[in-house]
Amino acid sequence: MIEFFFDCSSPWTYLAFHNIQPLAKELGAEITWRPILVGGIFNTVNPSVYAQRETPVPLKARYMKKDLADWARSAGLAIKMPPTVFPVNSVKAMRGCIWLGKDMVPFATALFEAYWGGDKDISQDAVLAEICRKVGIDDQKFLAGISEQAIKDQLKTNTEEVVARGGFGSPTIFVNKSDMYFGNDRLPLIREALMRSKASAA
């Protein structure tokens, strides 16, 4: 089993979200999608992210831009870095994923595409409503649903849980509850972990 803790405000999460789905299908692994608020993680256990944004290392920043472009080309995704609004407030978007539950994947896919490919500000109700209509969701019910206290609480609980389990960013991925991986580039290791798990269960 795969648990995928994610916030759509990260380009590396977009890549991992896209790339892990065919991997899981190939190996017969179920994915449990766990929306989080990555800003809450940074505030709690990883504030160095903010310092890095304020005073980036020029050589590293230049390479990271190339690295992201290479990964995007490999995955066949359009990723603009940085988008016009960056970082973006993804609270409503991630609450929306929780509100949709098992039906969140088409919406989350459209979210990633809108923000990273379409350069749209996904913090705005109008943009979220547009994404809802694109994937066949009632935008009025959506906007009402994401204001429910239970939805807000679940996003907070998910975020606190991933920190308690050792996570420090997005995406944080667990195989079989305790085997943690971070980032898109760990997918080859996740493949190996899933194959070991299948072999031991055989």
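1. Once neighbours within four places in sequence are set aside, Cys-132 is in contact with Phe-107, Ile-137, Asp-139 and Phe-142. In this predicted model, Cys-132 belongs to helix 7 and counts as buried, since its relative accessibility is 0%. Pro-106 lies 26 residues from Cys-132 in sequence, and the two C-alpha atoms are separated by 9.6 Å in space.

2. Helix 7 covers residues 125-134, and its buried residues are Val-127, Leu-128, Ala-129, Ile-131 and Cys-132. These buried residues pack against three helices, namely helix 5 (91-100), helix 6 (104-117) and helix 8 (139-145). After helix 7 comes Gly-136, which has a positive phi near 80°.

3. The pairing of strand 1 is with strand 2 (residues 31-35), to which five bridges join it in a parallel arrangement. For Phe-6, the bridge partner in strand 2 is Pro-35.

4. Phe-4, a residue of strand 1, is buried with a relative accessible area of 0%. Not counting residues up to four places away in sequence, Phe-4 touches Thr-13, Ala-16, Phe-17, Ile-20, Ile-31, Thr-32, Trp-33, Arg-34, Pro-171, Thr-172 and Ile-173. One of these contacts, Pro-171, is 167 residues from Phe-4 in sequence, yet the C-alpha to C-alpha distance is 6.8 Å.

5. Two peptide bonds deserve a look when the backbone is reviewed. The bond from Met-81 to Pro-82 is cis, with omega near 0°, and the bond from Phe-86 to Pro-87 is also cis, with omega near -5°. Pro-82 is in the loop between helix 4 (58-75) and helix 5, and Pro-87 is likewise in the loop between helix 4 and helix 5.

6. Positive phi values also occur at residues other than glycine. Asp-119, which is not a glycine, has a positive phi of about 55°; Asp-119 sits in the loop between helix 6 and helix 7 and is partly exposed, with a relative accessible area of 26%. Lys-177 has a positive phi near 75°; Lys-177 is placed in the loop between strand 3 (172-175) and strand 4 (179-182) and is exposed, with a relative accessible area of 52%.

7. Turning to the whole chain, the protein contains 10 helices and four strands, which follow one another in the order β-α-β-α-α-α-α-α-α-α-α-β-β-α. A compact globule of 202 residues would have a radius of gyration near 17 Å, and the value of 17 Å for the protein agrees with this. Along the principal axes, the C-alpha atoms fill a box of roughly 50 × 40 × 35 Å.

8. Buried residues account for 43% of the 202 residues. Of the contacts between residues at least 6 apart in sequence, 71% join residues at least 24 apart. The protein exposes about 10400 Å², with carbon and sulfur atoms supplying 56% of that area, and the mean positions of its 24 positive and 22 negative charges are 3 Å apart.

Terms used
Residues are numbered from 1 along each chain as its sequence is written. This is a predicted model: local features need pLDDT of at least 70, side-chain atom pairs count only at pLDDT 80 or more; totals for chains, interfaces and linings use all residues. Side-chain values use heavy atoms; hydrogens and water are left out. Helices (H or I, at least four residues) and strands (E, at least two) are DSSP runs, numbered from the N terminus. The radius of gyration is taken over C-alpha atoms; the globule rule is 2.2 Å times the number of residues to the power 0.38. Buried means under 20% relative accessible area, exposed over 50%, partly exposed in between (1.4 Å probe, protein chains only). Contact means heavy atoms within 4.5 Å. Accessible areas come from the Shrake-Rupley method with a 1.4 Å probe; for residues, only the protein chains shown count as cover. Lys and Arg count as positive and Asp and Glu as negative; His and the chain ends are not counted. The place of a charge is taken as NZ of Lys, CZ of Arg, CG of Asp or CD of Glu. Two strands pair if DSSP finds at least two bridges between them.
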